[in-house]
Amino acid sequence: MNEIQNKLFSLKDEKYAEFQAKLTPSVERDFFIGVRNPDVRAYAKEIKNTKQAEDFLNALPHKYYEENMLHTMLLNEEKDFAQCIERVERFLPYIDNWAVCDCLSPKAFKRNKTPLEQKAYEWCKSKHTYTCRFGIKTFMSHFLDNDFKPEQMNFISKIKSDEYYINMMISWYFATALAKQWNDAIKYFEKPCMQKFCHNKSLQKAIESYRITPEQKEYIRTLKIK
């Protein structure tokens with residue numbers, strides 16, 4: 001075992017490994033050590049900007065779920081946009097579960113919206129499930145406020161997939177869009193254009209959201225596809 005694996009194993013919790021494995025069925029149980037995210041995050045902050053971290057980021061693929069989570073949390077600390085994008089794109093093909101995918105949220109993204117938007121479009125077009133999911137998540141996280149454009153929403157509404165984890169992210173995007181960009185988002189439900197699963201799951205998530213008003217919830221209940 002290398003030094004980083006030794007450190008992660010020193011933090012293991014077998015019961016937590018069992019719990020996490022059940023939440024992440026796309027990863028076999030043997031590849032969970034059982035380290036809680038706050039501990040992985042603390043370790044990432046401890047080793048960031050060191051040669052050890054640099055070597056680790058270059059050592060793909062990793063074996064364990066927690067190694068991939070550590071990789072994600074190191075990327076989240078990146079502040080140089082160009083280097084961050086290079087490293088993210090090197091890592092994306094190795095992501096094999098929703099949890100690692102959704103944890104990836106680099107600080108560098110917040111200040112570079114124009115080039116990030118172009119990259120998000122590219123990621124959404126990927127045939128790799130978690131690269132596509134990450135692209136949709138990027139639009140949800142960074143482009144539903146001041147940087148929102150209606151054409152972004154239109155693009156995502158046209159993504160068609162048989163992949164559960166892509167369709168769940170589309171649903172999450174539109175549920176968030178109903179909270180943040182109601183006037184644009186509601187049109188996609190008044191004149192349905194998405195797959196039935198995405199349409200109904202988006203509405204379900206919106207109804208469960210505290211950011212949607214009672215009046216809005218009452219209305220969107222009438223828009224479910226039966």
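Helices here are DSSP runs of H or I with at least four residues, numbered from the N terminus. By this rule, Pro 61 is found in the loop between α4 (51-58) and α5. A cis peptide bond joins Leu 60 to Pro 61, with omega at about 0 degrees. The model is predicted, so that local features need pLDDT of at least 70 and side-chain atom pairs count only at pLDDT 80 or more, while totals for chains, interfaces and linings use all residues. Residues are numbered from 1 along each chain as its sequence is written, and side-chain values use heavy atoms, leaving out hydrogens and water.

Another loop, between α3 (37-47) and α4, holds Asn 49. Phi of Asn 49 is near 65 degrees, a positive value in a residue other than glycine. Asn 49 has a relative accessible area of 77% and is therefore exposed (over 50%; buried is under 20%, and partly exposed lies in between, with a 1.4 Å probe and protein chains only).

Helix α5 (residues 65-76) contains Glu 66. Glu 66 is buried yet has no salt bridge, a term for a side-chain nitrogen of Lys or Arg within 4 Å of a carboxyl oxygen of Asp or Glu. The nearest side chain of opposite charge, Arg 29, is 7.5 Å away; Lys and Arg count as positive, Asp and Glu as negative, and His and the chain ends are not counted. Beyond its neighbours within four places in sequence, Glu 66 is in contact with residues including Leu 8, Phe 31 and Val 40, where contact means heavy atoms within 4.5 Å.

How values were computed: Helix = DSSP H or I, 4+ residues; strand = E, 2+ residues; numbered from the N terminus.
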